[in-house]
Amino acid sequence: MVQGLIRTAMVKIPSKAAILEWIDDNPSQSSKRDIAKAFGIKGTDRIELKRILKELASEGRLTKQKRTYTAPGELPPVAVLRVNGPDANGDLWLRPAEAGHETELPIYYVAKEGDPALGMGERGLFRLQKLDDLGRYDARLIRKLTETAAKVVGLYRKGSQGGRIVPVDKKDNKDYVVGSDDVNGARDGDLVEGQRVGGRNSMGLPRARITEVIGDPMAPKAISLIAIHEHGIPDAFSEAAIQEAEAARPVALGDRTDLREFPLFTIDPSDARDHDDAICAFPDEDPKNEGGFVVWVAIADVAHYVRPESALDAEARLRGNSTYFTDRVVPMLPDALSGDLCSLHEGVDRACIACRIVLDSKGEKLRHDFHRGLMRSPASLSYEQAQAADEGKYDEDTEPLRDPLADLFAAYRAIEKAIRRRAPLALELPERQIVLNDEGRVVSVAFKARFDAHKLVEAFMVQANVCAAETLEAKRQPLLYRVHEEPPPEKLEALREVVEAAGLTLAKGQVLQTQHLNKLLDAANAGEDGATISMTVLRAMMQAYYAPVNYGHFGLALKRYAHFTSPIRRYADLIVHRALITAHGWGDDGLTKEDVDGLTRTGELISNTERRSMMAERDTNDRYLAAFLSDRVGAEFAGRVSGIAKFGLFIKLEETGADGLVPLSYLGREYWRFNPRDNTLKGEDSGRIIAVGMPAEVRLADAVPITGGLTLEVLTIDGKPLAKGAATGRKLKAKPKRTLKSRRRKVRG
């Protein structure tokens, strides 16, 4: 006992106050080992240090987080954080991913150039820096941690003690266990949103708690609601944004260019929800430009209403773009703007930014200029009406516009010549049209017709977008480009292998241009391999994105390109409008220094929101198509191989454009070898090769509307049946409509 007292007296164990002070001064080096080293504590004396640290923790004066000690309520210098989503300004914010590390305020992510993109629910290892005594931190990414999304949308199936969430995502084939305390009022069969929590239970299934009850999965319009929740698309505006939108008023002429006498009419789909662009054309009266045209493209002046640092701007940036579903739209802006003051409705004055374009008789642009104006559309036409007028069939809306419509189509025929010389990539991608009845049920699926009227509008919008990029470059004004890079070498090599297998060529050793691919497509379409080559060319393309650095637009064969023509539904266009306002000195509602400094981050953000919307729209269409086909289980369809993977192949049905999966086990008893290089399957015994683009005849084996999953059985591929022993030999009886409940085992209490 005496020896112990003497030893304790000899050891220089610091006081509790000294330890707390040191930890406060050294938050990045606060493990027990760091503390011992700082105070020179060695050997068995570390036992005493451990005892003191334990006492401080039990007194609530320190928090132990793994091997690190911090002051209560503080985070360690390095922590695992989860992305909770962008805030109203579009900046990513984070929360600690581990229990016991909760913070009152969000942690903001300070992204560095080259950091990987982080999506909702994803985790990363971050270095934290405390900003103040209020508990605010910023975080810098050390590395991204791979993990399935934390959020799950699915059907709740009740058990005796809680239940399970059965995901609606067809790629997620595991249920999530829900404890009795985490049900949140959900009833059996409800569509719910859940948050993954903790680890797996003894049965190996992940756990989740229900965070929101969405409602009846069979209710009208529930399919788009699933996508909205599943992809985290913001669908409610802040009260401040709504108030700003409702307080907006029409614009007076003032210093604007008066365009109200110009026949600037809109041409849109018959079911268009907004009208943000109008066009007109006149023969050029300049004798030096015989046969030329003056074209006006007027775009809604959204920047006048959506000012930088406003609540409306924050909401628009958060969404990045509008998201369009068959039954609804999730707009980027409240309806008071998107459906009214920023929509170029017939017969009312509307603020606009207009581009005046002078074309020669060959459709080449001679010059252009921009104006901030006030316009009044004489008509809101559909594509069908405009096309009919071009064919000499007029109605009460188009009859008064005979001459303006004739001039506009004449200008289009001129610019069409220039487009053919430029040779943008000529991939015709048919667009599906899903028609619903009043109850939200699919009544028909077809492919939308594509008229010259569609091409006309597209041609002049592209030209106006080019003019915007050229003007801003000339005025040295920062902007966001729409970038589409050329295919990478590895994708081109894979394309060449497919091309050579079809007996065609795609030359090496030259700078690839779209005209080379167009010649290839023309040659393939003249033979039997048109669909195969078209699909392979499409797969070789890079995805377009937004950036403040110009890398050109490969697909359109343009050196510079910026989105200017749809500011109601795309935040990128709003940025370009602000840049034009600043470049021309039109007012104080242009591009701010903060906008300019954040262009890279904004480009990344809206590129991600664009992909999010595309996935949500695609998933919704898949579910509608599965619902439409669910009554036709057992029916036979024609299609083409649209994709190949290790687990099977995908067939696109010609009738509806729906994609279905043929599992590898349905391809017979022989072993199929997947070749990722040329994206083919090869039969080990037969030597038969299945490639993308091959025609196929299939039978619908199953359709699950709530997941959008279609399972197919192959009858023939490339006109030939599968080898003996294939699954095609089985008889298939028509099945009743499948539900998620019927394809999952019953939940046990």
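This is a predicted model: local features need pLDDT of at least 70, side-chain atom pairs count only at pLDDT 80 or more; totals for chains, interfaces and linings use all residues.
Two strands are counted as paired if DSSP finds at least two bridges between them. With that settled, take the end of the chain that holds strands β30 and β31. K682 stands opposite I689 in β31. The two strands, β30 and β31, run antiparallel and are joined by 3 bridges. They form a hairpin with 5 residues between them, and in that turn G687 has a positive phi of about 75°.

Now the protein as a whole. There are 18 helices and 34 strands. Of the 749 residues, 50% are buried. Among contacts with a separation of 6 or more, 65% are between residues 24 or more positions apart. The exposed surface comes to about 36,700 Å², and carbon and sulfur atoms supply 49% of that.

Next, a sheet. It is open, it has 5 strands, and the order is β13-β20-β19-β16-β15, with mixed pairing. Which strands stand at the edges? They are β13, residues 257-258, and β15, residues 277-283; each has a single partner strand, so one side of each is left without a neighbour in the sheet. Inside the order, β19 and β20 pair in the antiparallel sense over 11 bridges, β19 covering residues 349-359 and β20 residues 365-376.

Helix α11, residues 452-474, touches β15, β16, β19 and β20, and its direction makes about 100° with that of β20. Helix α15, residues 571-584, touches β16, β19 and β20, and the direction of α15 also makes about 100° with that of β20.

There is a helix pair to look at too. The axes of α6, residues 239-247, and α7, residues 311-319, come within 8 Å and cross at roughly 115°. The crossing is left-handed. Which residues make the contact? From α6 they are A240, A241, E244 and A245, and from α7 they are A311, L312 and E315. By class, that contact has 5 nonpolar residues, 2 charged ones and no polar ones.

I will finish with two single residues. T266 lies in strand β14, residues 266-268. Is T266 buried or exposed? The relative accessible area of T266 is 0%, so T266 is buried. Leaving out residues up to four places away in sequence, T266 touches H275, D277, A278, L344, S377, A379, S380 and L381. One of those, D277, falls in the edge strand β15, given as residues 277-283.

The other residue is L118, in the loop between β5, residues 107-109, and β6, residues 123-130. L118 has a relative accessible area of 9% and counts as buried, because the cut-off for that is under 20%. In sequence L118 is 35 residues from V83, while in space the two are 7.2 Å apart, C-alpha to C-alpha.

Technical notes:
Residues are numbered from 1 along each chain as its sequence is written. Side-chain values use heavy atoms; hydrogens and water are left out. Helices (H or I, at least four residues) and strands (E, at least two) are DSSP runs, numbered from the N terminus. Contact means heavy atoms within 4.5 Å. Axes are lines fitted to C-alpha atoms, for helices over the stretch in contact, and angles run from 0 to 180 degrees between N-to-C directions. A crossing is left-handed if the near helix is turned anticlockwise from the far one by less than a right angle, and right-handed if clockwise. Ala, Val, Leu, Ile, Met, Phe, Trp, Tyr, Cys and Pro count as nonpolar, Asp, Glu, Lys and Arg as charged, and the others, Gly among them, as polar. Buried means under 20% relative accessible area, exposed over 50%, partly exposed in between (1.4 Å probe, protein chains only). Accessible areas come from the Shrake-Rupley method with a 1.4 Å probe; for residues, only the protein chains shown count as cover.
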